[in-house]
Structure formats: C-alpha cells, structure tokens
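Here are some notes for a colleague who is about to look through this model. They are set out as numbered points, to be read beside the coordinates.

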Amino acid sequence: MQTEQVMEGKRISSWITLLLASACGLIVANLYYAQTLVGPISAATGLSSDAAGLIVTLTQIGYVVGLLFIVPLSDIIENRRLAVLSLLVVVCALIAATFTPNALLFLTASLFIGLGSVVAQILVPYATYLSSEEQRGRVVGNVMSGLLLGIMLARPVASFIASLWGWHAVFALSAVIIALLSLLLSRILPERKPSPTMNYGELIVSLGALLKQTPVLRRRGIYQACLFSAFSLFWTTAPLRLADDFGLSQQGIAWFALAGVGGAVAAPIAGRLADKGWTRLLTGLAMIIAALSFLLAYLFQGNSTTALGLLVVAAITLDMAVSGNLVLGQRAIYSLGSEARGRLNGLFMSIFFVGGAIGSSLGGWSYAHGGWNLTSLIGIVLPVLALLYFLTEKRD
C-alpha cells in the first residue's frame, strides 16, 4: 500500500495525468447536461415553467453540499475508495434520471447527481499528491483543462445527443460511461491513505477556522468567484442573445458553445507559467482580459456577422481568463500544505460556485430588464471588482 508520505513528491506519469483529466471532465459534465435540456425534461416530467429551473439549481445545490461535506473526507479516508463509492452514487442517480417519469424523483436524482459529482474535486488535489513540487502547477493545469473541457463540452454534447435520440439518452450514456470509469479508477489508481489527526466532526468544524486563518484561500476564492460569476452571467444570457439577435436554432447555439472550448487551452499554460513564478502577473492579466471580453461584447452589438464573430472571440477570451485564473488559484492553495488540501479545495470551490450562482441569477434578471446592454455592463463590473481587490494584495 502506498501511503501519503511515500506518494508525496513522486513524479506523476503522463498516463495517470491523462486519466485524471479525462475522469474530471466526464464527471463534472454531469452538472451541465441538463442546462440545455430543461425544456424537454420539464415537458416529460410535468414540471411547470416556473419550477423548471430547479433541475439545474438542485444539481448545483447538491454539488455545493458535496464540496463542504464530502470533499473534506479526502483528508481522512483513502481517496480511491471514496472516489469510487461517490461515483456509484452518480451512476444510480443517472439511471434514476433516465427512467423516472415523475418530477419529484427526477429532481431528487438531480440533487444526488450534483452530490456525487464532487469526485472531480477529490481527484484534482489527489493529482497533487502524486506529483512533485516542480511539476505541480503543470499537473494541476493539465487535470483542470480536462475538467474545464467537460464543463464547456457538456452543453453542446447534450444538445446534439438529445436531437438524435432524445434527452433520456444523455443520462443513460453518461451512466454507462461513469460506471466504466469507476471500474477503471478502482483498478488503476494508486491508493492514497491520509494520516488523519481528527475525526469527521472536527474536520467539518475546522472548515471555519481554515477559512479564517488562510488569507490566500479567501483572496483566491473571491477572485475566482468574481470571474466565475461573469462566466455564468455570459453563458446564461449568450444563448438568449444568439436566439433573439441572430435567430440561431438550438443546434446553432450548440456550435457557438463549442467555440468557447478553445478557452480551456489557458489552463495548462497558466499552470506551467505559475511554476515559473508568474502567478501574480497572470492573475491581474486574467481579470483584465475578462473585463475586456465583456467590453468587446458591449461595444459591438446588433445582428451583423461582425458582431457575431466578435461575440465568439469574447466567449473564447472570457473562458481563457476564467480557466487560467482557476488553475492559478488552485496551485496557490495546494501549496499551503498537504494535510488540508481536500478541505482547502472544498472551500475554494464552494466560494466560487456561489459566485457562479449569483452570476446566473444576475444574468436572468439583467437580460429581462435591460437586455444585452445591462448584462454586458454588469459583466465588465464583476472582473473589475476582482481587479480592485487584487490591487490591495501585498507583495511578498
């Protein structure tokens, strides 16, 4: 059995890095499949239009609960076993979502899909235990690029599959994939057994102390919350604008979403540059790029081909800023110490997912009351707020 002490400082193989990156992408995609399928799912399960948003909301709620109460377990429970058991929960929930005709049962399944999908946030810090200090930023960047590809590809993939075989097929296929992934991880991943110094109750209580005593965690969480809020704002409203201003169909919107995948390339690049000590410079640059992305979308409106092309550019650069800053933040908090990485990651992800929820809510409200003008102005403000806070950071 490989213990944490033995594993720490080893060089991770390219094969294991690829496996972890692929696993994170396939797992986290389950959080986003339903976003483009709300209409047909609501019709099939009898959900009213007012309650249809619960399909996505409950998945996100389950994810945040998992971040706070399941991810910290990786600091006291053998990681491979914890990951596989959580994935089995996801498989059962996906099967339930596939076959249930009942709205209540589908919403319950959605909650558990989100809850179990936090395995992605167990595997990212797990990758850091397998890597040496000098390659840690690169490894986090590569694994996170897989996770981000899962986020970005989930929406268009779900739309394409649903257009061919119906929305049930999306959840059925994912159930099969996650089941096979669980088997693969259980056979290939090395064990990582932590040496706990506290029980579960003390572990959860320690979250508050960690947040209070770790200024780097608070700062990086707030930076990413602002950027992820802008990201969620954009992707909540961009499909509406694409349909209203450009007359794009659901399939056309799916192709637009695919263009944003190009932004994931920033994750491994940011990780490599962070290893060279460029974290501070790149953090400020990410915030500036995010603000400029929305400024570009604000200045060039209308329904011309040029406006559509520039909106694609804005989508790519915004995604680059958000994905790059995410890797910078995770590398920073993982450098604080190995014994609390699971809890630190859970807190970090919880903070910025709250930012994402706020951004989604702001997007729906702003587009309804002020159209793309108000939406893009709010999108400019969010990263600017992060930049102003960043400028108060003291140099070491």
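1. Contact is used below for heavy atoms within 4.5 Å. This is a predicted model, in which local features need pLDDT of at least 70 and side-chain atom pairs count only at pLDDT 80 or more, while totals for chains, interfaces and linings use all residues. Residues are numbered from 1 along each chain as its sequence is written, and side-chain values use heavy atoms, with hydrogens and water left out.

2. Ser323 lies in helix H15, residues 305-334 (helices are DSSP runs of H or I of at least four residues, numbered from the N terminus). Ser323 counts as buried because its relative accessibility is 0%, where buried means under 20% relative accessible area with a 1.4 Å probe, protein chains only. Setting aside residues up to four places away in sequence, Ser323 touches Leu148, Gly263, Ala264, Ala266 and Ala267, and its side chain reaches the backbone oxygen of Met320 at 3.2 Å.

3. Helix H16, residues 341-390, deserves a look along its axis. Although H16 has 50 residues, its end C-alpha atoms are only 23 Å apart, short of the 74 Å that a straight helix would reach at 1.5 Å a residue; that expected span is 1.5 Å times one less than the number of residues. A kink of about 135° in H16 is centred on Gly370, the bend being the angle between axes fitted to the seven residues ending there and the seven starting there.

4. Leaving aside neighbours within four places in sequence, Leu123 is in contact with residues including Leu20, Ile27, Leu185 and Leu189.

Conventions:
Helices (H or I, at least four residues) and strands (E, at least two) are DSSP runs, numbered from the N terminus. Buried means under 20% relative accessible area, exposed over 50%, partly exposed in between (1.4 Å probe, protein chains only). A polar contact is a pair of N or O atoms within 3.5 Å; within protein, one must be able to donate a hydrogen and the other to accept it, and residues adjacent in sequence count only if both atoms are side-chain atoms.
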